[in-house]
Amino acid sequence: MKAIEKTEIEGAPAPRRGKVRDVYDLGDKLLIVATDRVSAFDVILPDAIPEKGKMLTAISLFWFRQTEDIIENHIISTDVSDFPQPFRAHRELLEGRSILAKKASVIPVECIVRGYLSGSGWKSYKETGSVCGIKLPPGLKESSKLPVPIFTPSTKAAEGHDMNISFEECERTAGTKEAGMLKDYTLKIYERARSIALKKGTIIADTKMEFGLLDGRIILIDELLTPDSSRFWSVEGYREGVGQDSFDKQIIRDALSAMDWDMQPPAPRLPEEVLLKAAARYKDILKTLTAC
Ligand SMILES: Nc1ncnc2c1ncn2[C@@H]1O[C@H](COP(=O)(O)OP(=O)(O)OP(=O)(O)O)[C@@H](O)[C@H]1O
Ligand SMILES: [Mg+2]
C-alpha cells in the first residue's frame with residue numbers, strides 16, 4: 001500500500017499544507033485532507049504511514065459525533081459526492097480522508113486538557129510542583145491520575161514549538177469570556193470522551209483540541225481525540241509511577257528521542273519496524289474506540 005504524502009488536485013486552488021493535513025480554501029468552506037504524513041516534535045518526518053490519514057479521519061469523526069450535543073463542530077460532509085468539483089472527481093484519493101468543513105477563524109490557542117501526569121506535564125511537576133501555573137498536590141508520580149482534569153493551554157506557534165501559557169495569557173489571547181468558554185468546552189469534551197474510552201479499556205491521559213469563531217459562535221475545528229493529538233493508554237497495562245506503553249505516537253517519539261537528533265528539521269528516517277509498530281497502534285486504537 002502506498003502512502004499519500006501530499007495531494008495534488010488539478011483545477012483546485014493550491015492547498016495550505018500543514019504538518020499532516022492539506023487544506024483547500026473554498027471561500028466560506030474548507031476541504032481538509034488528512035494525508036499519511038507523520039509529524040513528531042512539530043517536525044514532519046521523512047517517512048509516512050500508509051492509511052494513517054484515513055484512520056485519523058475515522059477517529060475524529062467518531063468523537064465529533066459523540067460530542068455534537070456539547071458543541072457545534074466544523075463538519076459539513078465527509079461524502080465525496082457532496083464535495084464541489086474538482087474534488088468530487090477524485091473519490092479514489094479523497095474518500096475516507098477528507099472533510100468538507102465550515103471555515104472558521106482559528107482561535108490561536110491549543111486547548112490542552114490533562115487527566116494524568118505525563119510528558120511535559122510530568123517534567124514540569126517534578127521541577128516545580130505545578131503544571132502551567134496550576135499547583136498540584138505533592139506526592140504525585142509519573143502517570144498519576146490527577147484529582148481533577150486540568151486545562152493547560154499553549155500558544156499555536158506559526159513556526160516551531162508551541163509554548164505553554166497561563167490561563168491569564170489565554171484570556172489575553174482569546175478574550176476573557178471566550179477563554180472561559182474554551183476551558184469549559186475542553187473539560188466537558190474530555191470528560192465525555194474519557195468515560196466513553198474507559199468503557200472500552202482505554203485511558204485518555206491528555207488531549208489537545210482547537211476551536212474557531214464562526215459568525216460569533218465558538219465551534220470545534222481541526223481533529224478530535226486522535227492518537228496524533230492525545231495520549232491513549234490501555235487500562236489493562238496501566239501502572240502508576242512509570243511511563244506507560246502508549247497506543248499513540250509515543251513509539252515514534254521514543255525512537256526519535258533515542259537518536260542523536262536535535263529536533264530541528266530535517267528529521268532522521270525511522271526503522272521500518274518502528275513505523276510498522278506505530279501503524280499497528282493507529283489501527284488498534286481505531287478498532288478499540290469505534291467497536292460497539
Ligand atoms: N474549520 C476550520 N477552519 C479554519 N481552519 C481550520 C479548521 N480546521 C482546521 N483548521 C486548521 O487547518 C490546519 C490543519 O492542518 P494540520 O493539522 O496539518 O496543521 P498543523 O501543522 O498542525 O498547523 P498548525 O500549527 O497551524 O496547527 C491547522 O492549521 C488548523 O488550525
Ligand atoms: Mg494540527
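Colleague: What covers the buried residues of helix 7?
Modeller: This is a predicted model, to start with. The cover includes helix 1, helix 5 (176-199), strand 14, strand 16 (230-234) and helix 6 (250-257).

Colleague: Which residues of helix 7 are buried?
Modeller: They are Leu275, Ala278, Ala279, Arg281, Tyr282, Ile285, Leu286 and Leu289. They sit on the same side of helix 7, because they cover an arc of only 155 degrees around the axis.

Colleague: Why would residues three or four places apart point the same way?
Modeller: An α-helix has 3.6 residues a turn, so residues at that spacing point the same way.

Colleague: And what is on the face turned away from the buried side of helix 7?
Modeller: That face carries the exposed residues Glu272, Glu273, Leu276 and Lys287.

Colleague: How many residues does helix 7 have, and what span does it reach?
Modeller: Helix 7 runs over residues 272-290 and has 19 residues. From its first C-alpha to its last it reaches 27 Å. That is close to the 27 Å expected at 1.5 Å a residue.

Colleague: Switching to domains. How is the protein chain divided?
Modeller: Into domain 1 (16-103) and domain 2 (106-247). The contact takes 15 residues from domain 1 and 18 residues from domain 2. On the side of domain 1 that touches domain 2, helix 1 (residues 52-66) gives the largest share, six residues. By class, that side of domain 1 has seven nonpolar, five polar and three charged residues.

Colleague: How far apart are the C-alpha centres of domain 1 and domain 2?
Modeller: They lie 22 Å apart.

Colleague: Now the ligand. Where does ligand 1 lie relative to domain 1 and domain 2?
Modeller: Ligand 1 lies between them, because both domains give residues to its shell.

Colleague: Which residues come nearest to ligand 1?
Modeller: Gly18, Lys19, Arg21, His74 and Ile221 come nearest, out of 18 residues around ligand 1. The shell has eight nonpolar, three polar and seven charged residues.

Colleague: Which strands each supply at least two residues of that shell?
Modeller: Strand 2 (21-25), strand 3 (29-34), strand 7 (98-102) and strand 14 (202-214).

Colleague: Asp25 is in strand 2, I think. What does Asp25 touch?
Modeller: Leaving out residues up to four places away in sequence, Asp25 touches Pro13 and Leu30. The C-alpha atoms of Asp25 and Pro13 are separated by 7.2 Å, and the two are twelve residues apart along the chain. Asp25 is partly exposed, with 14 other C-beta atoms within 10 Å.

Colleague: What about Arg97, buried or exposed?
Modeller: Arg97 is buried, because 24 other C-beta atoms lie within 10 Å. Its place is in the loop between helix 2 (91-94) and strand 7.

Colleague: What does Arg97 touch?
Modeller: Val33, Ala34, Gly53, Lys54 and Thr57, not counting residues up to four places away in sequence.

Colleague: Where do Pro86 and Pro266 lie?
Modeller: Pro86 lies in the loop between strand 6 and helix 2. Pro266 lies in the loop between helix 6 and helix 7.

Colleague: What is phi of Asp222?
Modeller: Phi of Asp222 is positive, about 65 degrees, although Asp222 is not a glycine. Most residues other than glycine have a negative phi. Asp222 is in the loop between strand 15 (217-221) and strand 16. With 22 C-beta neighbours inside 10 Å, Asp222 counts as buried.

Colleague: What about phi of Met263, and where is Met263?
Modeller: Phi of Met263 is near 65 degrees, also a positive value in a residue other than glycine. Met263 is in the loop between helix 6 and helix 7. Met263 counts as partly exposed, with 13 C-beta neighbours inside 10 Å.

Conventions. Residues are numbered from 1 along each chain as its sequence is written. Chains are lettered from A and ligands numbered from 1 in the order in which they are written. This is a predicted model: local features need pLDDT of at least 70, side-chain atom pairs count only at pLDDT 80 or more; totals for chains, interfaces and linings use all residues. A residue is near a molecule or strand if its C-beta atom, placed from the backbone, lies within 6 Å of it. Helices (H or I, at least four residues) and strands (E, at least two) are DSSP runs, numbered from the N terminus. Ala, Val, Leu, Ile, Met, Phe, Trp, Tyr, Cys and Pro count as nonpolar, Asp, Glu, Lys and Arg as charged, and the others, Gly among them, as polar. Domain bounds come from an automatic or database domain assignment. Two residues are in contact if their C-beta atoms, placed from the backbone, lie within 7 Å. The expected span of a helix is 1.5 Å times one less than its number of residues. A residue is buried if 20 or more other C-beta atoms lie within 10 Å of its own, exposed if 12 or fewer, and partly exposed in between; C-beta atoms are placed from the backbone. The arc is that of the directions from the helix axis to the C-beta atoms.
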